Amino acid sequence: IVNSASIIHVSFVPSPDDPFPTTLPMLGHMGNFSSPDADPATEPLDLYIHGYISSRLMRLPENAPERIDTEESGLPVCVSAAHLDGIVLALTPFHNSMNYRSAVLHGYAQPVTGAEEKLWAMQLITEGILPGGWNNARVPPTQAELQSTQILRVRVKSASAKVRAGGPSEDRKDLKDAELRKRVWTGVVPVWEMWGEPIKAEENEKEGGLPEYIRRVEESGNEARRSHAERAVKET
């Protein structure tokens, strides 16, 4: 759920004197630096978040209180991700709903200080947005680019997911109302995120048309998301 979300939302408390938490839309991806091929079902993954080094969120973990347990050192954060898969329409608005997938993570954010891990995380996040996007661009980043970019590693302490799939749930009384059932349309309107037709930049001088890695992700990604949204209608 998290790795397939275009945007994640990161919540934190800016300071003890601030009465309100802050939530920011960010780019991020989950992975395991020490074991890049780790199986998420059996091995823990960290969440890597990308941002500008002088932004408030990126600076706060450096001043977060140290704890005896090094796994709990850093800035406490809550991260959420969600996908809307369909609008569920019932005989009465009271039973209207949404098909969706959502996840919430709690953990501690720390700056990535190792050069190798930082570069690895930048590639991880880039590939999470567009597979093939790293090796088909100017890499590695310049020293100035590396210095202006901060990567936070979130050690996940707890996580939960919630999924809703299937069609509408109706009251028995409504289902016995033949006139109502003839008058009201019920069912699911599938919803999915789509990539549009890529538009060239004015400075784009790439020869040979649209690169295959972009076309492949556009076509296969759109089809996968459409297929998932439609399958969710039939699941319970």
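User: What covers the buried residues of helix H2?

Analyst: The cover includes strand S2 (22–31), strand S3 (46–52), helix H3 (143–148) and strand S6 (149–164), where contact means heavy atoms within 4.5 Å. Helices (H or I, at least four residues) and strands (E, at least two) are DSSP runs, numbered from the N terminus. Keep in mind that this is a predicted model, with local features needing pLDDT of at least 70, side-chain atom pairs pLDDT 80 or more, and totals for chains, interfaces and linings using all residues. Residues are numbered from 1 along each chain, and side-chain values use heavy atoms, without hydrogens and water.

User: Which residues of H2 are called buried?

Analyst: They are Glu-117, Lys-118, Trp-120, Ala-121, Met-122, Leu-124 and Ile-125. Buried means under 20% relative accessible area, exposed over 50%, and partly exposed in between (1.4 Å probe, protein chains only).

User: Why does Gln-147 count as exposed?

Analyst: Gln-147, in helix H3, has 51% relative accessibility, so it counts as exposed.

User: What makes up the lining of the largest pocket?

Analyst: A pocket is an open set of points on a 1 Å grid where a 1.4 Å probe fits, with protein on both sides within 12 Å along at least five of seven lines, and lining residues have an atom within 4 Å of a point. The largest pocket holds about 630 Å³ of space. Its lining divides into 13 nonpolar, nine polar and four charged residues, and H6 gives the largest share, six residues.

Key: Grid points are joined across faces, edges and corners, and a volume is the space filled by probe spheres set on the points. Ala, Val, Leu, Ile, Met, Phe, Trp, Tyr, Cys and Pro count as nonpolar, Asp, Glu, Lys and Arg as charged, and the others, Gly among them, as polar.
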